[in-house]
Amino acid sequence: MGFDLEAGEHGKFAVVLVHGKDWEDKNLPNPYELESQVDLLISFCSDMGLRSVVLVGHDDGGLLALRTAEKLRASRDSRKVEVKGVVLIGVSLSREVIPAFARILLHTPLRKKHMVRPLLRTEITQVINRRAWFDATKLTTDVLNLYKAPLFVEGWDEALHEVGRLSFSTVLSPKRAAELLRSVEDLPVLVVAGSEDVLVSLKSAQIMASKLVNSRLVTISGCGHLPHEECAKALLSALSPFISRLISSDDSLQRL
């Protein structure tokens with residue numbers, strides 16, 4: 001699990017990348033599975049002394065944030081982390097679109113992964129170009145190179161294979177999705193959607209927000225599926241007032 005922790009005006013900010021590096025003992029729980037990711041995130045908060053947090057998640061990270069909030073709120077541990085609120089960016093619990101690379105990996109044995117490496121690199125680039133971003137003019141050569149860089153790190157294909165293979169397991173049944181939303185329905189929730197997002201429709205975001213009694217929906221115009229990259233300033237303009245309202249003058253909230 002990688003992270004970057006910095007002090008801010010109102011507390012601490014942590015950007016957390018939860019992953020399952022070095023899963024060598026197959027007898028242990030799969031660290032790429034959702035529940036393992038939840039436990040990793042909770043352990044991180046506890047180990048770092050983060051006693052109150054605002055969980056922010058994009059896409060599958062939103063599901064991770066919701067499940068983490070659900071588990072923390074159900075915990076009777078006196079040392080537990082308090083979730084002050086949740087921010088969901090480009091999140092759909094119905095998973096309307098399963099990435100093409102995930103479908104490929106589901107039917108590809110790991111021993112044959114070398115056969116699909118070039119295809120995966122091409123597929124990921126095409127998804128970024130054609131679907132995730134709305135304004136293709138913002139996709140400069142430098143931006144594209146940043147996306148490609150992780151695909152040349154040792155072990156990237158094994159990690160991507162496992163993530164892709166498990167993407168279908170994050171598709172919740174309507175009943176389970178309803179239970180998850182009910183578990184956080186009284187929490188302050190900010191739902192952020194790109195007006196031009198073709199991966200998660202605005203209608204899907206509106207439906208999810210309508211099921212949360214203490215939610216607010218913000219639509220970022222002229223933006224696709226990656227507001228934190230394509231429309232960062234607009235996203236911060238939406239997040240700042242939401243988080244500020246959760247912080248009183250004497251609150252030592254630490255934001256995650």
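With which residue does Asp-39 form a salt bridge? Select Asp-39 and Lys-71: they form this salt bridge, and their closest N and O atoms are 2.6 Å apart. A salt bridge here is a side-chain nitrogen of Lys or Arg within 4 Å of a carboxyl oxygen of Asp or Glu. Asp-39 belongs to helix H1 (residues 34–47) and Lys-71 to helix H2 (residues 60–74), so the pair ties together parts that are 32 residues apart in sequence.

Before continuing, note that this is a predicted model, in which local features need pLDDT of at least 70 and side-chain atom pairs count only at pLDDT 80 or more, while totals for chains, interfaces and linings use all residues. Residues are numbered from 1 along each chain as its sequence is written, and side-chain values use heavy atoms, with hydrogens and water left out. Helices (H or I, at least four residues) and strands (E, at least two) are DSSP runs, numbered from the N terminus.

Next, select Arg-176 and Glu-70, a salt bridge whose closest N and O atoms are 2.7 Å apart. Arg-176 lies in helix H7 and Glu-70 in helix H2, so this pair ties together parts that are 106 residues apart in sequence. Glu-70 is buried, at 14% relative accessible area, whereas Arg-176 is partly exposed, at 26%. (Buried means under 20% relative accessible area, exposed over 50%, and partly exposed in between, with a 1.4 Å probe and protein chains only.)

Now colour strand S5 (189–194). Six of its six residues are buried, so S5 is largely enclosed by the rest of the structure. Val-189, Val-191 and Ala-193 lie on one side, and Leu-190, Val-192 and Gly-194 on the other.

S4 and S5 run parallel and are joined by four bridges, with Val-86 partnered by Val-189. S5 and S6 are also parallel, over six bridges, and Val-192 stands opposite Val-218 in S6.

Finally, select helix H8 (residues 202–210), where Ser-204, Ala-205, Met-208 and Ala-209 are buried. On the other side of H8, Lys-203 and Ser-210 are exposed. The buried residues pack against strand S4 (82–89), helix H7 (174–183), strand S5 and strand S6 (215–220), contact meaning heavy atoms within 4.5 Å.

Definitions and conventions
Two strands pair if DSSP finds at least two bridges between them.
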